[in-house]
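User: Please take a close look at a single part of this model, and then carry the account on from there into its surroundings. I would like the cut-off behind each term to be stated as you go.

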Amino acid sequence: MGISLQSFCWGFYGHQRINYYAVFLLPPEMLVLFKPNIQFLTDHAVDPDKRRYAVADEAPRHFIDIDHYGQYPYTELPRKYDDAVKKFGEDTVIGNGIVPWHIQIMQARLTNAFTEKNQAKILRYAAEIGHYISDSHVPLHASGNHDGQLTNQKGIHGFWESRVPELLAEKQFDFMIGKAQYISNIPGYTWDRILESGAASDTVLRAEAELNKLFAGDRKFAFEERNGKITRQYSTAYTQAYNNRINNMVERRMRLSILSVASFWYTAWVNAGQPDLKNINNLAFTAEDIKEFEALNSDWRTGQSKGRVHE
Ligand SMILES: [Zn+2]
């Protein structure tokens, strides 16, 4: 039976929590800028999802269907974008999703923004790269069966990344994580996370298929309150049972997302020569930036997503 869950990659809730908690892993030299702007970094964690309503090129930046490239560890797929395009053609590579490469583009932009000591760009790129990094940690963002559509499990995408954290994170997840780490090999680190996600996607799907057999439909779904509205959704009992079955995987991937986001931010700052963030330029957003933020919001409220929607 179909179920309509308004949801996005990690859900808005997950993305916003990840950027928020990542700030606390930074060293004091970065906290001087990131802490006063934590609200911006939190709010704008979801801009890339909103942009999918305005820009057709946006959707493939959020996922990679890595199982379209053979078997784990997918050695058939060259890890460099140009080599992948040479081998498979650009349409195929883009169609299967480009999140690992887009993260590297965003990291270069963020590093340049630190070098320029451009506050507006630092905040914007930091917020946005946090989104793409987090998406790469979600198992179903690295699977062609991204919403269980091939195995009669439609809805599992939003179930894993929205319903589970929204129900359990505040009460049960532990977000004490330690400190941001320097990443010496950004592409290597990024691919490692993608391969983990790809490998975990089988567990995500299998565990739900098994659990589904143990729950009658009227216990699997329930009318419960969500964001102040009564909606039909995966029941609390089913969500809790699923979380147990996957051994808190959502919490583990969320914690690793937070560590990764903080570590990418920190690495960009180090690679830019550790600029002094107390004395910084371009403090304000330009009129153009502000217009773009507003346009993102209105397209998202009124529009149709262009390209694949993760629901
Ligand atoms: Zn996304």
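Analyst: Y20 counts as partly exposed, because 18 other C-beta atoms lie within 10 Å; on this scale a residue with 20 or more such neighbours is buried, one with 12 or fewer is exposed, and the range in between is partly exposed, with C-beta atoms placed from the backbone. The model is predicted, so local features are given only at pLDDT of at least 70 and side-chain atom pairs only at pLDDT 80 or more, while totals for chains, interfaces and linings use all residues. Residue numbers start from 1 along each chain as its sequence is written.

Y20 sits in helix 1 (residues 11-23), where helices (H or I, at least four residues) and strands (E, at least two) are DSSP runs numbered from the N terminus. Leaving aside residues up to four places away in sequence, Y20 touches I38 and T42, a contact being a pair of backbone-placed C-beta atoms within 7 Å. D43, which is 23 residues from Y20 in sequence, has its C-alpha atom 9.1 Å from that of Y20.

F114, by comparison, is buried, because 25 C-beta neighbours fall inside 10 Å, and this residue belongs to helix 7. Its contacts, again without residues up to four places away in sequence, are I122, A268, W269, A272 and P275. Between F114 and I280 there are 166 residues along the chain, yet their C-alpha atoms are separated by 9.4 Å.

Helix 7 itself covers residues 99-115, and its 17 residues should span 24 Å at 1.5 Å a residue, which agrees with the 24 Å between its end C-alpha atoms; the expected span is 1.5 Å times one less than the number of residues. The buried residues of helix 7 are V99, P100, W101, H102, I103, M106, Q107, L110, T111, A113 and F114. Their cover includes helix 5 (81-88), helix 8 (119-136), helix 10 (186-214) and helix 13 (249-271). As for the spacing of residues along such an element, an α-helix has 3.6 residues a turn, so residues three or four places apart point the same way.

After helix 7 comes K117, in the loop that leads from helix 7 to helix 8. K117 has a positive phi of about 50 degrees although it is not a glycine, and it is partly exposed because it has 17 C-beta neighbours inside 10 Å. Helix 8 is mostly covered, with 15 of its 18 residues buried.

The loop between helix 8 and helix 9 holds N152, another residue that is not a glycine but has a positive phi, here about 60 degrees. N152 is exposed, because it has 8 C-beta neighbours inside 10 Å.

Helix 9 (residues 156-172) packs against helix 12 (residues 236-245) at an angle of about 95 degrees, with 10 Å between the axes; axes are lines fitted to C-alpha atoms over the stretch in contact, and angles run from 0 to 180 degrees between N-to-C directions. That angle makes helix 9 roughly perpendicular to helix 12, a class that runs from 65 to 115 degrees, whereas angles under 35 count as roughly parallel, over 145 as roughly antiparallel and the rest as oblique. The contact is made by R163, V164, L167 and L168 of helix 9 with T236, T239, Y242 and N243 of helix 12.

Strand 1 (residues 221-226) and strand 2 (residues 229-234) run antiparallel and are joined by six bridges, pairing being defined by at least two DSSP bridges. A222 stands opposite Q233, and R226 stands opposite K229. Two residues lie between the strands of this hairpin, in which N227 takes a positive phi near 50 degrees.

One further backbone feature is a cis peptide bond between Y72 and P73, with omega about 0 degrees, and P73 lies in the loop between helix 4 (47-51) and helix 5.

Terms used
Contact = placed C-beta atoms within 7 Å.
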